[in-house]
Amino acid sequence: MKTLFQKIADREIPAKIVFEDDQCFAIEDINPQAPVHILVIPKRVIARLGNAEADDAALLGHLLVSAATIARERGIDAGGFRTVINSGRDAGETVPHLHVHLLGGRALAWPPG
Ligand code: AMP
């Protein structure tokens with residue numbers, strides 16, 4: 001069974017894909033929580049950060065570097081941005097295919113709810 005994000009990567013479900021390389025892709029979040037709200041998603045499925053293992057280290061690093069690249073392209077690096085990975089029920093994870101939220105374009109409150 002493909003995850004929602006695998007279906008998007010395979011163009012079976014429409015989404016605005018804003019970045020793609022051999023390891024990951026990035027889409028506009030369908031329910032944006034900030035002027036910029038992008039999801040950076042690995043093509044190889046890791047269900048959640050809580051399942052990550054040592055072999056996943058390079059891929060996880062690549063997701064963060066990709067998020068930083070997109071933040072610079074969107075011009076939100078100077079003002080600042082936030083990356084979030086929700087892992088599991090208590091964190092509010094709703095899609096069991098690890099993804100990095102990239103949020104910016106406004107001042108973000110802290111702590112999160
Ligand atoms: P999380 O709750 O951390 O698992 O994040 C899942 C995110 O996926 C949420 O911010 C949703 O708004 C977003 N989302 C769900 N379905 C889609 C979709 N079809 N296209 C783009 N984003 C989606």
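**Ligand shell and pockets**

Author: By class, the shell around the ligand holds 7 nonpolar, 6 polar and 3 charged residues, where Ala, Val, Leu, Ile, Met, Phe, Trp, Tyr, Cys and Pro count as nonpolar, Asp, Glu, Lys and Arg as charged, and the others, Gly among them, as polar. This is a predicted model, in which local features need pLDDT of at least 70 and side-chain atom pairs count only at pLDDT 80 or more, while totals for chains, interfaces and linings use all residues. Residues are numbered from 1 along each chain as its sequence is written, and side-chain values use heavy atoms, with hydrogens and water left out.

Reader: Which residues are the closest to the ligand?

Author: The ligand is surrounded by 16 residues, of which D29, N86, T94, H99 and H101 are the closest; a residue counts as near if one of its heavy atoms lies within 4 Å.

Reader: What does a nitrogen atom of the ligand find on the backbone?

Author: A polar backbone atom of I30 is 3.1 Å from a nitrogen atom of the ligand. For oxygen atoms of the ligand, a backbone N or O atom of G92 lies at 3.0 Å, and a backbone N or O atom of V95 lies at 3.0 Å. Taken alone the ligand exposes 510 Å², and the protein buries 84% of that, with areas from the Shrake-Rupley method and a 1.4 Å probe.

Reader: Which pocket is the ligand in?

Author: The ligand takes up the second largest pocket, meaning that more than half of its atoms lie within 2 Å of the pocket's grid points. On a 1 Å grid over the protein atoms alone, a pocket is an open set of points where a 1.4 Å probe fits, with protein on both sides within 12 Å along at least five of seven lines, and lining residues have an atom within 4 Å of a point. About 310 Å³ of space lies there, and of its 19 lining residues L4, F5, D29, I30 and L39 lie nearest the centre.

Reader: Switching topic, how much space lies in the largest pocket?

Author: The largest pocket has about 430 Å³, and its 15 lining residues include R82, V84, L103, P112 and G113, the closest to its centre.

Terms used. A polar contact is a pair of N or O atoms within 3.5 Å; within protein, one must be able to donate a hydrogen and the other to accept it, and residues adjacent in sequence count only if both atoms are side-chain atoms. Grid points are joined across faces, edges and corners, and a volume is the space filled by probe spheres set on the points.
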